[in-house]
Amino acid sequence: MPKSKNRYNKGYKVLKFLDISEKYGKITYGYPFEKYDVNEHYRGLPKYDFSTCIGCAACGIACPPNAITIKFNEDKSKLIWEFDCGRCIFCGRCDEVCPTTAIRLSEEFELATKFDKSSLIQRGELDSQYCTKCKKAFSTKRLVQYSYERLSKAMLDEKRLQEAKSYLQICPECKEKIASTNITKGEEMEIR
Ligand code: SF4
Ligand code: SF4
C-alpha cells in the first residue's frame, strides 16, 4: 500500500475514534488513581461484626471452603470464631444464613497483602455456655440469650417460658437422657 494511503487510513481511524468518544462519553475508569465504585451487588470482603455475633455457627456450616471455623478454645471457656480471607471464594453464603447480620459482604476488593497475613484474618471470642446438668461447654451465652429473647416474643405464659429457659441451658446429650428417662417413667418431660 502506498505510504500516503496508509497515513490517510490511520488519520481516518483516529477521527472515527474521536466520533465514538464524543457519542458515548468516557467509559473507562481512572482506577487506581480514582476511586472505583463497584456494582451494588458486588461480593467483596466479608466483614465480621463481633458485637452482633451470637456464635450460632450457621456461617461456618454454610461456608463451602471452610474459610470460617468455629471451635472451643483449649479450656472450653470461649468459642473462637475465625475467618481466613485466604480461603474465601466470596460466595456470600455466610451473609445469607447469618440470623443477626453479623457477617456481611462488603464492597472492599483491594485485599492484596505482602508479608503480613494477619490482615486476612478476622476473629471473635464468645463466652461459653455450660450445661446446667453436666457442666460441659456446649454453646455460647449469647446464643442462649438470643434464643430466650425469641421465645419471649412467642407469647408463652411465664411458667412455660421459664421451663423453656431452663431447657436452653442444657446440652443436647443431657436433653436426650432426660427425655429417655421421662419416657421410660411414662411421665411428662421434667426439665428442672
Ligand atoms: S463468602 Fe462464602 S467462602 Fe467466603 S466466608 Fe462467606 S461462605 Fe465462606
Ligand atoms: S452466622 Fe452470624 S451470628 Fe452465627 S456465628 Fe456466624 S457470624 Fe456469628
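Biologist: What makes you say that helix H6 is hardly covered?

Modeller: A count of buried residues. This is a predicted model. A residue is buried if 20 or more other C-beta atoms lie within 10 Å of its own. Among the 14 residues of H6, the count that reach this is 0.

Biologist: How do you know that the span of helix H6, residues 172-185, agrees with its residue count?

Modeller: Compare two numbers. At 1.5 Å a residue, the 14 residues of H6 should span 20 Å. The end C-alpha atoms of H6 are 20 Å apart, so the two agree.

Biologist: Where does Glu96 stand relative to Gly124?

Modeller: Their C-alpha atoms are separated by 20 Å. Along the chain, Glu96 and Gly124 are 28 residues apart.

Biologist: Why is the protein called more spread out than a compact globule?

Modeller: First, its parts. The protein has 6 helices and 6 strands. Along the sequence they follow the pattern α-β-α-β-β-α-β-β-β-α-α-α. For 192 residues the globule rule gives a radius of gyration of 16 Å. The protein has 29 Å, well over that, so it is more spread out than a compact globule.

Biologist: What box do the C-alpha atoms fill?

Modeller: Roughly 105 × 40 × 25 Å, taken along the principal axes.

Biologist: What share of the 192 residues is buried?

Modeller: Buried residues make up 13% of them.

Biologist: Which strands form the open sheet, and in what order?

Modeller: The order is S2-S3-S5-S6, and the pairing is antiparallel.

Biologist: What makes S2 and S6 edge strands?

Modeller: Each pairs on one side only. S2 covers 68-72 and S6 covers 137-140. On average, neighbouring strands of this sheet are turned by 30 degrees against each other, direction ignored.

Biologist: How do you know that S3 and S5 pair?

Modeller: Two strands pair if there are at least two bridges between them. Strand S3, residues 78-84, and strand S5, residues 121-130, have 7 bridges, in the antiparallel sense. Asp84 has Ile121 in S5 as its bridge partner. Glu82 has Arg123 in S5.

Biologist: How many bridges join S2 and S3?

Modeller: These strands pair over 5 bridges, again in the antiparallel sense. Ile68 has Phe83 in S3 as its bridge partner. The hairpin of S2 and S3 has 5 residues between the strands, and Lys76 takes a positive phi near 65 degrees there.

Biologist: How many bridges join S5 and S6?

Modeller: There are 3, and the pairing is antiparallel. Gln129 stands opposite Ser139 in S6. The hairpin of S5 and S6 has 6 residues between the strands, and in it Lys135 takes a positive phi near 70 degrees.

Biologist: Which residues come nearest to ligand 1?

Modeller: Cys63, Cys88, Cys91, Arg93 and Cys94, out of 15 residues around the ligand.

Biologist: How many nonpolar residues are in the shell around ligand 1?

Modeller: The shell has 13 nonpolar residues, with 1 polar and 1 charged. Cys counts as nonpolar and Arg as charged.

Biologist: Which residues are closest to ligand 2?

Modeller: Cys53, Cys56, Cys59, Cys98 and Ala102, among the 13 residues that surround ligand 2. By class, this shell has 11 nonpolar, 2 polar and no charged residues.

Note on methods: Residues numbered from 1 in each chain as written. Chains lettered and ligands numbered in written order. Predicted model: local features only at pLDDT ≥ 70, side-chain atom pairs only at ≥ 80, totals over all residues. Helix = DSSP H or I, 4+ residues; strand = E, 2+ residues; numbered from the N terminus. Expected span 1.5 Å × (residues − 1). Buried ≥ 20, exposed ≤ 12 C-beta atoms within 10 Å, placed from the backbone. Axes fitted to C-alpha atoms, helices over the stretch in contact; angles between N-to-C directions. Near = placed C-beta within 6 Å. Rg over C-alpha atoms; globule rule 2.2 N^0.38 Å.
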